Amino acid sequence: MDQTDQKSSFLVSSETKEETKKDFQSRKKPKRYALVSFGELPEYMKDNEFILKYYRANWPLKEAFFSVLRWHNETLNVWTCAFNWVPSVSGIDYGEFFGGASCSGSPWSIPISSDANVSNNFKDFSVGTTKLVDLKQIKSPGMNSTSILNNQDSVEHWPFSVFLGGSMFCLLSSSICHLFSCHSHSLNILLLRIDYVGITTMIITSFFPPIYYIFHCDSNWHHGYLGGITLMGTFTILTLLSPKLSEGKYRGLRALLFSSMGLFGVVPTIHALIVNWDNPRRNLILSYELAMAFFYLTGTAFYVSRVPERLKPGWFDLAGHSHQIFHVFVVLGALAHYGATIVIVDWRNKVGCMRILANTISCELVEQKKRNSDRIEQHLAKTRAAIWEAIVLKSFKSEEKESFVPRGSVYKNAYAFHQ
Ligand SMILES: [Zn+2]
(Lines give C-alpha, C1' and ligand atoms only; values in the text may rest on other atoms or scores of the structure.)
Protein backbone atom coordinates (compact mmCIF):
# COMPACT_ATOMS: atom_id res chain seq x y z
CA MET A 1 0.00 0.00 0.00
CA ASP A 2 1.53 3.36 -1.10
CA GLN A 3 1.32 6.61 0.87
CA THR A 4 -1.74 7.95 -1.05
CA ASP A 5 -3.69 4.75 -0.43
CA GLN A 6 -2.81 4.84 3.25
CA LYS A 7 -4.03 8.47 3.51
CA SER A 8 -7.39 7.74 1.78
CA SER A 9 -7.97 4.66 3.94
CA PHE A 10 -7.41 6.79 7.06
CA LEU A 11 -9.96 9.42 5.82
CA VAL A 12 -12.58 6.74 5.10
CA SER A 13 -12.20 5.18 8.53
CA SER A 14 -12.40 8.57 10.31
CA GLU A 15 -15.58 9.45 8.30
CA THR A 16 -17.17 6.13 9.29
CA LYS A 17 -16.28 6.79 12.92
CA GLU A 18 -17.87 10.23 12.70
CA GLU A 19 -21.09 8.77 11.24
CA THR A 20 -21.22 6.05 13.89
CA LYS A 21 -20.77 8.70 16.59
CA LYS A 22 -23.60 10.78 15.08
CA ASP A 23 -25.84 7.69 14.89
CA PHE A 24 -25.11 6.90 18.51
CA GLN A 25 -25.83 10.47 19.63
CA SER A 26 -29.10 10.61 17.68
CA ARG A 27 -30.15 7.29 19.24
CA LYS A 28 -29.33 8.64 22.71
CA LYS A 29 -31.26 11.90 22.13
CA PRO A 30 -35.02 11.49 22.85
CA LYS A 31 -37.19 11.93 19.82
CA ARG A 32 -38.77 15.37 19.81
CA TYR A 33 -42.40 15.01 18.89
CA ALA A 34 -43.65 17.38 16.22
CA LEU A 35 -46.75 19.53 16.56
CA VAL A 36 -49.45 18.81 14.00
CA SER A 37 -52.31 20.65 12.30
CA PHE A 38 -56.07 20.15 12.85
CA GLY A 39 -56.32 18.05 9.65
CA GLU A 40 -53.70 15.58 10.93
CA LEU A 41 -55.47 15.00 14.27
CA PRO A 42 -57.08 11.68 15.13
CA GLU A 43 -60.88 11.93 15.09
CA TYR A 44 -61.25 11.93 18.93
CA MET A 45 -59.15 15.10 19.23
CA LYS A 46 -61.01 17.15 16.63
CA ASP A 47 -62.88 19.56 18.89
CA ASN A 48 -62.27 23.11 17.74
CA GLU A 49 -61.94 23.48 13.98
CA PHE A 50 -61.06 27.18 14.36
CA ILE A 51 -57.72 26.33 16.00
CA LEU A 52 -55.68 25.21 13.00
CA LYS A 53 -52.18 24.33 14.23
CA TYR A 54 -49.80 23.46 17.12
CA TYR A 55 -51.59 20.30 18.30
CA ARG A 56 -49.96 17.38 20.11
CA ALA A 57 -51.43 14.03 19.07
CA ASN A 58 -50.88 10.53 20.49
CA TRP A 59 -47.87 11.58 22.55
CA PRO A 60 -46.39 9.27 25.22
CA LEU A 61 -47.11 10.31 28.82
CA LYS A 62 -43.52 11.42 29.44
CA GLU A 63 -43.49 13.68 26.35
CA ALA A 64 -46.91 15.05 27.27
CA PHE A 65 -45.69 15.81 30.80
CA PHE A 66 -42.61 17.73 29.64
CA SER A 67 -44.67 19.59 27.04
CA VAL A 68 -45.75 21.80 29.96
CA LEU A 69 -42.57 23.72 29.15
CA ARG A 70 -43.14 23.72 25.40
CA TRP A 71 -45.17 26.17 23.39
CA HIS A 72 -48.31 24.51 21.89
CA ASN A 73 -52.01 25.37 21.79
CA GLU A 74 -52.67 23.96 25.31
CA THR A 75 -49.71 25.59 27.13
CA LEU A 76 -51.70 28.60 28.37
CA ASN A 77 -54.68 26.39 29.31
CA VAL A 78 -52.42 24.37 31.60
CA TRP A 79 -50.75 27.45 33.05
CA THR A 80 -53.93 29.50 33.68
CA CYS A 81 -55.20 26.62 35.85
CA ALA A 82 -51.86 26.23 37.59
CA PHE A 83 -51.70 29.99 38.25
CA ASN A 84 -55.06 29.84 40.02
CA TRP A 85 -53.51 27.49 42.57
CA VAL A 86 -51.64 30.47 44.04
CA PRO A 87 -54.71 32.16 45.58
CA SER A 88 -56.20 28.76 46.47
CA VAL A 89 -53.10 27.59 48.31
CA SER A 90 -52.63 30.97 49.97
CA GLY A 91 -56.29 30.70 50.96
CA ILE A 92 -55.36 27.76 53.19
CA ASP A 93 -53.59 30.28 55.41
CA TYR A 94 -56.94 31.87 55.83
CA GLY A 95 -57.85 28.87 57.97
CA GLU A 96 -55.90 30.72 60.69
CA PHE A 97 -58.67 33.28 60.69
CA PHE A 98 -60.97 30.76 62.33
CA GLY A 99 -58.85 30.04 65.32
CA GLY A 100 -55.32 29.02 64.39
CA ALA A 101 -52.18 30.15 66.11
CA SER A 102 -50.55 32.30 63.49
CA CYS A 103 -50.65 33.36 59.88
CA SER A 104 -47.73 32.51 57.70
CA GLY A 105 -48.86 35.20 55.31
CA SER A 106 -50.79 35.60 52.14
CA PRO A 107 -50.14 38.29 49.57
CA TRP A 108 -53.82 38.83 48.81
CA SER A 109 -55.53 41.93 50.11
CA ILE A 110 -59.23 42.42 49.70
CA PRO A 111 -61.75 44.92 51.05
CA ILE A 112 -63.66 43.13 53.80
CA SER A 113 -65.39 45.89 55.71
CA SER A 114 -67.08 49.16 54.98
CA ASP A 115 -65.54 50.54 58.15
CA ALA A 116 -62.22 50.89 59.87
CA ASN A 117 -63.83 50.68 63.28
CA VAL A 118 -63.49 47.41 65.15
CA SER A 119 -66.13 48.34 67.66
CA ASN A 120 -68.21 45.62 69.22
CA ASN A 121 -71.35 47.37 68.16
CA PHE A 122 -72.69 45.80 65.02
CA LYS A 123 -74.31 49.08 64.02
CA ASP A 124 -70.97 50.80 64.18
CA PHE A 125 -69.95 49.20 60.89
CA SER A 126 -72.46 51.21 58.96
CA VAL A 127 -70.42 54.30 58.14
CA GLY A 128 -66.92 54.86 56.92
CA THR A 129 -64.76 54.31 53.92
CA THR A 130 -63.73 51.03 52.37
CA LYS A 131 -60.86 49.48 54.22
CA LEU A 132 -58.21 47.24 52.72
CA VAL A 133 -57.40 44.38 55.00
CA ASP A 134 -54.40 42.19 54.45
CA LEU A 135 -55.46 38.61 54.98
CA LYS A 136 -52.40 38.01 57.14
CA GLN A 137 -53.72 40.61 59.55
CA ILE A 138 -56.89 38.63 60.08
CA LYS A 139 -56.44 36.35 63.01
CA SER A 140 -58.64 34.42 65.28
CA PRO A 141 -60.72 36.34 67.83
CA GLY A 142 -58.68 37.32 70.80
CA MET A 143 -55.35 36.98 69.03
CA ASN A 144 -54.36 40.65 69.25
CA SER A 145 -55.72 44.15 69.78
CA THR A 146 -56.86 44.48 66.19
CA SER A 147 -58.58 41.15 66.26
CA ILE A 148 -62.16 41.10 65.35
CA LEU A 149 -63.75 40.66 68.73
CA ASN A 150 -62.79 39.38 72.06
CA ASN A 151 -64.73 36.83 74.07
CA GLN A 152 -66.36 35.23 71.07
CA ASP A 153 -66.54 31.76 69.72
CA SER A 154 -65.14 31.69 66.20
CA VAL A 155 -67.27 29.97 63.61
CA GLU A 156 -66.47 26.52 62.20
CA HIS A 157 -64.05 26.60 59.29
CA TRP A 158 -64.99 23.39 57.49
CA PRO A 159 -67.29 25.06 54.88
CA PHE A 160 -64.40 27.31 53.85
CA SER A 161 -62.05 24.32 53.61
CA VAL A 162 -64.65 22.49 51.50
CA PHE A 163 -64.70 25.46 49.10
CA LEU A 164 -60.90 25.63 48.85
CA GLY A 165 -60.65 21.84 48.44
CA GLY A 166 -63.27 21.88 45.66
CA SER A 167 -61.51 24.72 43.83
CA MET A 168 -58.14 23.01 44.05
CA PHE A 169 -59.55 19.70 42.80
CA CYS A 170 -61.12 21.52 39.84
CA LEU A 171 -57.88 23.30 38.93
CA LEU A 172 -55.77 20.20 39.32
CA SER A 173 -58.09 18.03 37.21
CA SER A 174 -58.27 20.74 34.56
CA SER A 175 -54.46 21.13 34.36
CA ILE A 176 -54.01 17.36 34.11
CA CYS A 177 -56.73 17.11 31.48
CA HIS A 178 -55.19 19.79 29.28
CA LEU A 179 -51.72 18.31 29.66
CA PHE A 180 -52.39 14.61 29.10
CA SER A 181 -55.53 14.39 26.95
CA CYS A 182 -53.30 14.24 23.85
CA HIS A 183 -52.03 10.80 24.94
CA SER A 184 -54.72 8.41 23.72
CA HIS A 185 -58.45 8.17 23.04
CA SER A 186 -59.25 6.27 26.25
CA LEU A 187 -57.26 8.64 28.47
CA ASN A 188 -58.75 11.64 26.65
CA ILE A 189 -62.31 10.51 27.48
CA LEU A 190 -61.42 9.70 31.09
CA LEU A 191 -59.64 13.03 31.71
CA LEU A 192 -62.43 15.07 30.08
CA ARG A 193 -64.95 13.44 32.40
CA ILE A 194 -62.74 14.09 35.44
CA ASP A 195 -62.45 17.72 34.29
CA TYR A 196 -66.27 18.07 34.17
CA VAL A 197 -66.55 16.46 37.61
CA GLY A 198 -63.96 19.00 38.82
CA ILE A 199 -65.93 21.97 37.46
CA THR A 200 -69.16 20.63 39.03
CA THR A 201 -67.38 20.06 42.36
CA MET A 202 -66.06 23.62 42.34
CA ILE A 203 -69.55 25.03 41.67
CA ILE A 204 -71.15 22.91 44.43
CA THR A 205 -68.46 23.61 47.01
CA SER A 206 -68.47 27.36 46.28
CA PHE A 207 -72.03 27.43 47.70
CA PHE A 208 -70.95 26.01 51.05
CA PRO A 209 -69.35 29.01 52.81
CA PRO A 210 -71.92 31.72 51.91
CA ILE A 211 -74.97 29.53 52.62
CA TYR A 212 -73.51 28.04 55.78
CA TYR A 213 -72.35 31.33 57.31
CA ILE A 214 -75.32 33.47 56.25
CA PHE A 215 -77.89 30.93 57.48
CA HIS A 216 -75.60 29.76 60.28
CA CYS A 217 -78.19 30.40 62.98
CA ASP A 218 -80.96 28.57 61.14
CA SER A 219 -79.86 25.01 60.44
CA ASN A 220 -83.08 24.19 58.53
CA TRP A 221 -82.23 26.69 55.83
CA HIS A 222 -78.56 25.90 55.48
CA HIS A 223 -79.24 22.14 55.44
CA GLY A 224 -82.02 22.63 52.88
CA TYR A 225 -80.01 24.78 50.50
CA LEU A 226 -76.78 22.79 50.79
CA GLY A 227 -78.70 19.51 50.35
CA GLY A 228 -80.42 20.96 47.25
CA ILE A 229 -77.21 22.09 45.53
CA THR A 230 -75.43 18.83 46.41
CA LEU A 231 -78.28 16.80 44.86
CA MET A 232 -78.23 18.99 41.76
CA GLY A 233 -74.44 18.64 41.47
CA THR A 234 -74.61 14.85 41.90
CA PHE A 235 -77.18 14.67 39.10
CA THR A 236 -74.93 16.81 36.88
CA ILE A 237 -71.89 14.63 37.61
CA LEU A 238 -73.81 11.43 36.81
CA THR A 239 -75.05 12.96 33.56
CA LEU A 240 -71.60 14.19 32.53
CA LEU A 241 -69.98 10.83 33.29
CA SER A 242 -71.77 9.42 30.27
CA PRO A 243 -69.08 9.15 27.52
CA LYS A 244 -71.57 10.44 24.94
CA LEU A 245 -71.93 13.79 26.70
CA SER A 246 -68.15 14.37 26.65
CA GLU A 247 -68.36 14.92 22.89
CA GLY A 248 -67.86 18.34 21.40
CA LYS A 249 -71.42 18.64 20.10
CA TYR A 250 -72.78 18.57 23.67
CA ARG A 251 -70.81 21.67 24.64
CA GLY A 252 -74.06 23.69 24.91
CA LEU A 253 -75.75 21.12 27.16
CA ARG A 254 -72.73 21.03 29.49
CA ALA A 255 -72.69 24.82 29.67
CA LEU A 256 -76.44 24.75 30.44
CA LEU A 257 -75.95 22.24 33.28
CA PHE A 258 -73.13 24.31 34.81
CA SER A 259 -75.06 27.58 34.42
CA SER A 260 -78.24 26.15 35.96
CA MET A 261 -76.25 25.14 39.04
CA GLY A 262 -74.91 28.69 39.20
CA LEU A 263 -78.40 30.13 38.77
CA PHE A 264 -79.62 27.96 41.67
CA GLY A 265 -77.70 30.45 43.79
CA VAL A 266 -80.26 33.16 42.97
CA VAL A 267 -82.78 31.63 45.43
CA PRO A 268 -80.60 31.68 48.59
CA THR A 269 -79.16 35.05 47.49
CA ILE A 270 -82.61 36.69 47.43
CA HIS A 271 -83.49 34.98 50.73
CA ALA A 272 -80.22 36.16 52.31
CA LEU A 273 -80.85 39.69 51.06
CA ILE A 274 -84.31 39.79 52.64
CA VAL A 275 -83.20 38.50 56.03
CA ASN A 276 -80.01 40.61 56.08
CA TRP A 277 -81.36 43.80 54.55
CA ASP A 278 -80.03 45.87 57.46
CA ASN A 279 -76.58 44.32 57.29
CA PRO A 280 -74.18 47.21 56.53
CA ARG A 281 -71.98 44.85 54.52
CA ARG A 282 -74.86 43.90 52.25
CA ASN A 283 -73.69 46.05 49.32
CA LEU A 284 -70.07 44.94 49.57
CA ILE A 285 -70.99 41.24 49.59
CA LEU A 286 -73.49 41.78 46.81
CA SER A 287 -70.90 43.60 44.67
CA TYR A 288 -68.47 40.70 44.99
CA GLU A 289 -71.14 38.13 44.14
CA LEU A 290 -72.41 40.13 41.17
CA ALA A 291 -68.83 40.42 39.92
CA MET A 292 -68.53 36.63 40.29
CA ALA A 293 -71.76 36.04 38.31
CA PHE A 294 -70.57 38.46 35.61
CA PHE A 295 -67.18 36.73 35.29
CA TYR A 296 -68.66 33.22 35.17
CA LEU A 297 -71.37 34.10 32.66
CA THR A 298 -68.95 36.01 30.42
CA GLY A 299 -66.49 33.09 30.58
CA THR A 300 -69.28 30.65 29.68
CA ALA A 301 -70.27 32.85 26.72
CA PHE A 302 -66.68 32.65 25.37
CA TYR A 303 -66.58 28.86 26.01
CA VAL A 304 -69.77 28.24 24.05
CA SER A 305 -69.32 30.77 21.22
CA ARG A 306 -65.63 30.01 20.53
CA VAL A 307 -64.98 33.68 19.88
CA PRO A 308 -62.45 35.09 18.86
CA GLU A 309 -60.93 32.12 16.94
CA ARG A 310 -64.23 31.68 15.09
CA LEU A 311 -63.79 35.17 13.61
CA LYS A 312 -60.18 34.66 12.49
CA PRO A 313 -59.37 30.92 12.34
CA GLY A 314 -55.68 30.27 12.88
CA TRP A 315 -54.94 33.64 14.46
CA PHE A 316 -55.42 32.57 18.07
CA ASP A 317 -53.96 29.06 17.93
CA LEU A 318 -51.27 29.68 20.54
CA ALA A 319 -52.66 32.56 22.59
CA GLY A 320 -55.98 34.35 22.99
CA HIS A 321 -58.47 31.60 22.00
CA SER A 322 -61.82 31.20 23.74
CA HIS A 323 -60.82 28.41 26.14
CA GLN A 324 -57.95 30.46 27.54
CA ILE A 325 -60.26 33.48 27.97
CA PHE A 326 -62.78 31.16 29.68
CA HIS A 327 -60.06 30.04 32.13
CA VAL A 328 -59.13 33.66 32.94
CA PHE A 329 -62.77 34.52 33.69
CA VAL A 330 -63.12 31.42 35.89
CA VAL A 331 -60.05 32.56 37.86
CA LEU A 332 -61.54 36.07 38.25
CA GLY A 333 -64.95 34.63 39.24
CA ALA A 334 -63.37 32.38 41.86
CA LEU A 335 -61.38 35.32 43.28
CA ALA A 336 -64.52 37.48 43.50
CA HIS A 337 -66.35 34.67 45.30
CA TYR A 338 -63.37 34.20 47.60
CA GLY A 339 -63.60 37.91 48.47
CA ALA A 340 -67.33 37.68 49.21
CA THR A 341 -66.74 34.61 51.36
CA ILE A 342 -64.12 36.36 53.45
CA VAL A 343 -66.45 39.30 54.10
CA ILE A 344 -69.27 36.91 55.10
CA VAL A 345 -67.04 34.83 57.40
CA ASP A 346 -65.62 37.98 59.01
CA TRP A 347 -69.13 39.30 59.61
CA ARG A 348 -70.39 36.02 61.07
CA ASN A 349 -67.28 35.77 63.23
CA LYS A 350 -68.07 39.22 64.64
CA VAL A 351 -71.79 38.80 65.07
CA GLY A 352 -72.17 35.11 65.93
CA CYS A 353 -75.50 33.53 66.87
CA MET A 354 -75.13 34.04 70.61
CA ARG A 355 -74.70 37.73 70.05
CA ILE A 356 -77.94 37.98 68.09
CA LEU A 357 -79.70 36.07 70.87
CA ALA A 358 -78.11 38.24 73.56
CA ASN A 359 -79.05 41.38 71.65
CA THR A 360 -82.64 40.20 71.33
CA ILE A 361 -82.85 39.36 75.04
CA SER A 362 -81.27 42.63 76.17
CA CYS A 363 -83.55 44.59 73.83
CA GLU A 364 -86.57 42.87 75.36
CA LEU A 365 -85.34 43.65 78.88
CA VAL A 366 -84.82 47.31 78.01
CA GLU A 367 -88.30 47.46 76.49
CA GLN A 368 -89.83 45.88 79.59
CA LYS A 369 -87.99 48.31 81.91
CA LYS A 370 -89.16 51.20 79.78
CA ARG A 371 -92.76 50.00 79.99
CA ASN A 372 -92.52 49.66 83.79
CA SER A 373 -91.03 53.13 84.30
CA ASP A 374 -93.71 54.62 82.01
CA ARG A 375 -96.38 53.02 84.17
CA ILE A 376 -94.80 54.38 87.40
CA GLU A 377 -94.49 57.82 85.81
CA GLN A 378 -98.19 57.79 84.91
CA HIS A 379 -99.15 56.87 88.49
CA LEU A 380 -96.95 59.63 89.91
CA ALA A 381 -98.45 62.19 87.54
CA LYS A 382 -101.96 61.21 88.66
CA THR A 383 -100.95 61.45 92.34
CA ARG A 384 -99.37 64.89 91.84
CA ALA A 385 -102.49 66.11 90.09
CA ALA A 386 -104.68 64.82 92.95
CA ILE A 387 -102.54 66.55 95.61
CA TRP A 388 -102.58 69.79 93.63
CA GLU A 389 -106.34 69.59 93.27
CA ALA A 390 -106.68 68.98 97.03
CA ILE A 391 -104.57 72.06 97.81
CA VAL A 392 -106.29 74.37 95.32
CA LEU A 393 -109.91 73.33 95.86
CA LYS A 394 -109.54 72.41 99.54
CA SER A 395 -112.05 69.64 98.77
CA PHE A 396 -110.67 66.84 100.83
CA LYS A 397 -112.33 63.56 100.15
CA SER A 398 -111.56 62.29 103.60
CA GLU A 399 -113.61 64.02 106.33
CA GLU A 400 -111.95 62.08 109.10
CA LYS A 401 -109.51 63.94 111.29
CA GLU A 402 -106.54 61.69 111.46
CA SER A 403 -104.65 61.43 114.66
CA PHE A 404 -101.34 61.44 112.82
CA VAL A 405 -100.38 63.89 110.12
CA PRO A 406 -96.77 63.66 108.95
CA ARG A 407 -94.81 66.83 109.54
CA GLY A 408 -91.38 67.87 108.36
CA SER A 409 -89.62 70.14 105.88
CA VAL A 410 -90.11 67.66 102.98
CA TYR A 411 -93.86 68.16 103.09
CA LYS A 412 -95.00 71.49 101.68
CA ASN A 413 -98.59 70.88 102.65
CA ALA A 414 -98.57 67.87 104.89
CA TYR A 415 -102.29 67.87 105.54
CA ALA A 416 -103.24 67.94 101.82
CA PHE A 417 -100.68 65.24 101.04
CA HIS A 418 -102.06 63.08 103.82
CA GLN A 419 -105.60 63.55 102.48
ZN1 LIG B 1 -60.11 23.99 30.46
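**Exercise 1: Two helices in contact**

Find which residues of helix 6 meet which residues of helix 7.

Solution. On the helix 6 side, the residues are Tyr225, Gly228, Ile229, Met232, Gly233, Phe235, Thr236, Thr239 and Leu240, and they meet Arg254, Leu257, Phe258, Ser260, Met261 and Phe264 of helix 7. Sorted by class, this contact has nine nonpolar, five polar and one charged residues. Keep in mind that the model is predicted.

**Exercise 2: Parallel or antiparallel?**

Work out how helix 6 and helix 7 run relative to each other.

Solution. Two packed helices are described by the angle between their axes and the distance between the axes. Start with the distance: the axes of helix 6 and helix 7 come within 10 Å. Next, take the angle, where the axes cross at roughly 175°. Angles over 145 degrees count as roughly antiparallel. Helix 6 and helix 7 are therefore roughly antiparallel.

**Exercise 3: The cores**

Identify the residues that touch the most other members of the largest nonpolar core.

Solution. This core has 39 residues, and Phe160, Tyr213 and Phe258 touch the most other members. At least two core residues come from each of helices 4, 5, 6, 7, 9 and 10. Another core, of 17 residues, lies apart and includes Phe38, Tyr44, Tyr55 and Val78.

**Exercise 4: An annotated span**

Find the end-to-end distance of residues 221-241.

Solution. An unreviewed UniProt entry lists residues 221-241 among its "transmembrane region" features. The end C-alpha atoms of this span lie 30 Å apart, and the span is 95% helix and 0% strand.

Key:
Residues are numbered from 1 along each chain as its sequence is written. This is a predicted model: local features need pLDDT of at least 70, side-chain atom pairs count only at pLDDT 80 or more; totals for chains, interfaces and linings use all residues. Side-chain values use heavy atoms; hydrogens and water are left out. A nonpolar core is a set of buried Ala, Val, Leu, Ile, Met, Phe, Trp, Tyr and Cys residues joined through side-chain atoms within 4.5 Å. Buried means under 20% relative accessible area, exposed over 50%, partly exposed in between (1.4 Å probe, protein chains only). Helices (H or I, at least four residues) and strands (E, at least two) are DSSP runs, numbered from the N terminus. UniProt positions are given in the numbering used here, feature names are shortened, and annotations may be inferred rather than shown by experiment. Axes are lines fitted to C-alpha atoms, for helices over the stretch in contact, and angles run from 0 to 180 degrees between N-to-C directions. Angles under 35 degrees count as roughly parallel, over 145 as roughly antiparallel, 65 to 115 as roughly perpendicular and the rest as oblique. Contact means heavy atoms within 4.5 Å. Ala, Val, Leu, Ile, Met, Phe, Trp, Tyr, Cys and Pro count as nonpolar, Asp, Glu, Lys and Arg as charged, and the others, Gly among them, as polar.
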